[in-house]
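Hi,

Here is the structure I promised to pass on. Have a look at it first, and then read on for what turned up.

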Amino acid sequence: MATSSSTARRKRALMQNLRVLGLAIASLVFLLYVLAPVAWLVSSSLQQEAALTSVPPQWIPKDPHLDNFRVIFSADDQERVTYETRRAADPASGGFIPSTAKNLLPAMGNSFIVSVAVVILNLLVAVPAAYALAKIRFRGRNASVYGILITRVIPDIALVVPFFLFIRNLGLLDTLSSLVITYLAVTVPFSVFILVSYFEQLPDELDKAARVDGCSRLQTMTRVFLPLAAPSLVALSLFAFLTSWNEFLLALMFTQTAASQTLPIIVASFTSDFTISFSFINAAGVLAIIPPVILAIIFQRYIVSGLTAGAVKG
Amino acid sequence: MHAATLPQSGRRKPWLSHDDSSAFILLLPVAAVLFAVAVFPIIYSFYISLFDLKLTRPHRVPFVGLDNYFTVLTDQHFWDAVSRTVMFSVTSVLAISVIALLVALLLNEDFPGRKLLSAVLLIPWAIPYVANALMWKWIYDSNYGALNGILYQLDFIDRYMVWLGDSDKTLMLIANAFVWKEVPLAAILLLVTMKSIPADLYSAAKVDGANGLRRFFHVTLPALKPGFMLVILYESMMAIRHFDLFFILTEGGPADASHVVAWRIYVETFRNLSFGTGAAMSYILAIATLALSYVVIRSLGKRV
């Protein structure tokens with residue numbers, strides 16, 4: 001009796017250890033899978049061109065430096081970004097810093113302006129729609145839900161031809177407004193769905209009580225529901241912001257000059273030129289991922305709930 | 001329901017009740033925006049597809065009816081692009097589902113550091129596609145890339161390979177970059193589904209003597225079905241329309257190895273400036289995507 005219980009205990013302890021070991025290995029594999037590509041990008045951006053082009057690669061920079069980033073941030077100082085000064089400063093480095101390096105920060109500014117504008121417009125149109133869809137039983141409610149759903153299924157590449165002709169006819173090519181307008185097509189349906197699923201969880205009694213107290217629909221929405229919906233408003237804003245920040249296809253069609261080019265466009269333009277310094281291209285890549293990754297990590301709670309709500313609904 | 005909206009005795013409900021009209025007013029902004037940026041362009045796209053509109057000769061735009069569709073649908077190159085798109089999407093979605101399942105199983109366990117892993121998981125999701133493409137282009141680089149570096153150091157290869165120049169591997173290498181970025185979202189969806197499985201199911205299975213593996217196959221997997229359907233639906237739509245990685249990594253090459261439908265639409269429209277056939281192709285793609293999502297949603301039944 002005593003031996004069998006001690007065998008059972010030993011067996012359980014063994015299982016427990018195996019579980020810990022398994023989890024540790026799985027976590028390590030997971031971290032390696034997710035982080036290794038990004039770590040290599042960051043490591044590359046901190047290396048000298050000579051170190052970067054060594055064979056085999058230097059996985060961890062022996063002599064890390066921030067020159068590539070300095071070039072981006074002091075880029076209105078034209079001297080620093082030419083091929084010759086780069087060469088003179090560091091004879092070992094091959095590859096040049098493109099003159100368009102100075103467009104990186106303005107492009108970041110463009111991305112920021114477009115993204116903020118898209119967020120604001122999303123909030124303005126999605127909140128009333130979501131309140132109506134969640135709390136009012138009206139004729140055509142299901143049809144409206146499906147109508148909004150369908151616009152989300154249409155691939156954006158199917159919209160580029162008409163979009164391009166419109167934007168051109170309106171004289172909006174190469175403007176930030178063209179991006180703000182077209183990004184609404186991509187973001188609004190998702191925003192509505194995140195918000196509808198959130199509003200639906202809030203009790204209908206709230207709505208009734210406010211109405212009995214003499215609030216109009218609009219007042220009920222703004223005074224009762226809006227404050228309660230804060231978490232989903234954060235989620236909605238983040239998604240609209242990140243989608244706009246990351247969007248590439250439409251920006252590629254509508255922007256031509258630094259006046260309207262967004263960060264992804266400038267970064268993409270570097271990758272097609274084989275003479276540009278690799279370490280510099282990687283630095284541009286790092287710059288493009290820092291803001292969205294920071295936002296995602298700070299607001300991860302809202303992102304997870306928003307994604308699941310939006311996805312389950314949509 | 002609000003008292004004012006109740007139909008009066010003996011009379012039919014008015015066509016437009018008070019609730020109806022306030023709902024319509026609240027929906028007006030969304031309706032206006034979506035009409036302008038989605039519905040109207042979709043209709044206009046069909047209209048354009050009926051004309052032989054080439055920007056190379058913008059002053060002669062003959063009406064050709066459905067000719068553009070016949071041109072596209074009888075073109076062997078288009079069907080080759082379709083088969084590459086299917087290949088890319090099926091591989092990607094399968095890989096995403098499997099890896100996301102493993103990630104979800106890990107994050108569903110309770111252990112210190114789980115929160116950190118969940119935060120790390122969001123990194124690929126947040127990274128812009130362009131930065132993702134740039135990152136993988138650099139990893140796959142034939143002279144200085146990490147893939148060559150690591151395989152060479154581990155003695156798997158004896159000389160550096162031109163990865164993206166190999167037509168047999170290109171599509172799969174792009175799929176790999178796509179999968180890496182899409183796994184987080186799929187994993188989150190599966191994890192949420194997993195968390196909603198009632199604990200009783202597991203204890204019941206335990207009482208019946210089912211071991212861990214059997215519990216996984218008989219309880220977890222079947223319960224994950226709605227989550228998987230969602231992942232498959234969403235990710236196949238993303239894969240079918242995906243463009244950015246093709247643009248930056250290969251531009252459809254080498255030869256035509258990564259010439260998928262989305263890339264073909266771009267080339268036809270913005271490089272050949274043939275807007276009519278480009279619009280027809282877009283329309284075919286949109287209808288195919290809609291049909292696919294309809295089929296998947298139908299097979300989901302009323303579960304979601």
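**Helix packing in chain B**

In chain B, helix 4 contributes Leu121(B), Leu122(B), Pro124(B), Trp125(B) and Ala126(B) to a contact with helix 7, whose side of the meeting is made up of Trp180(B), Lys181(B), Pro184(B), Leu185(B), Ala187(B) and Ile188(B). By class, the residues of this contact are ten nonpolar, no polar and one charged. Please keep in mind that this is a predicted model.

How do the two helices lie? Helix 4 of chain B covers residues 114–126 and helix 7 of chain B covers residues 170–195; their axes come within 7 Å and cross at roughly 130°. Angles over 145 degrees would count as roughly antiparallel, so helix 4 and helix 7 of chain B are classed as oblique to each other. Their crossing is left-handed.

Helix 7 of chain B also packs against helix 10 of chain B (residues 225–241), at an angle of about 155° and with the axes 9 Å apart. These two helices are therefore roughly antiparallel to each other, and the crossing of helix 7 and helix 10 of chain B is right-handed. From helix 7 of chain B, the residues involved include Phe178(B), Leu185(B), Leu189(B) and Thr193(B), and they are met by residues of helix 10 of chain B, among them Phe228(B), Val231(B), Tyr234(B) and Met238(B). The residues of this contact divide into twelve nonpolar, two polar and two charged.

**Between the chains**

Now to the interface. On the chain A side 91 residues are in contact, and on the chain B side 92. Together the two chains bury about 8100 Å², with carbon and sulfur atoms giving 80% of that area.

How many salt bridges are there between chain A and chain B? The count is one: the side chains of Arg19(A) and Glu109(B) meet at 3.1 Å, N to O.

**Salt bridges overall**

Over all chains, a search of the whole structure finds eight salt bridges. One of them is in chain A, where Lys135(A) pairs with Asp204(A) and the closest N and O atoms are 2.8 Å apart. This pair links distant parts of the chain, 69 residues apart: Asp204(A) sits in helix 9 of chain A (residues 204–212) and Lys135(A) in helix 5 of chain A (residues 104–135).

Conventions. Residues are numbered from 1 along each chain as its sequence is written. Chains are lettered from A and ligands numbered from 1 in the order in which they are written. This is a predicted model: local features need pLDDT of at least 70, side-chain atom pairs count only at pLDDT 80 or more; totals for chains, interfaces and linings use all residues. Side-chain values use heavy atoms; hydrogens and water are left out. Axes are lines fitted to C-alpha atoms, for helices over the stretch in contact, and angles run from 0 to 180 degrees between N-to-C directions. Helices (H or I, at least four residues) and strands (E, at least two) are DSSP runs, numbered from the N terminus. Angles under 35 degrees count as roughly parallel, over 145 as roughly antiparallel, 65 to 115 as roughly perpendicular and the rest as oblique. A crossing is left-handed if the near helix is turned anticlockwise from the far one by less than a right angle, and right-handed if clockwise. Contact means heavy atoms within 4.5 Å. Ala, Val, Leu, Ile, Met, Phe, Trp, Tyr, Cys and Pro count as nonpolar, Asp, Glu, Lys and Arg as charged, and the others, Gly among them, as polar. Buried area is the accessible area (1.4 Å probe) that two parts lose on being put together, summed over both. A salt bridge is a side-chain nitrogen of Lys or Arg within 4 Å of a carboxyl oxygen of Asp or Glu.
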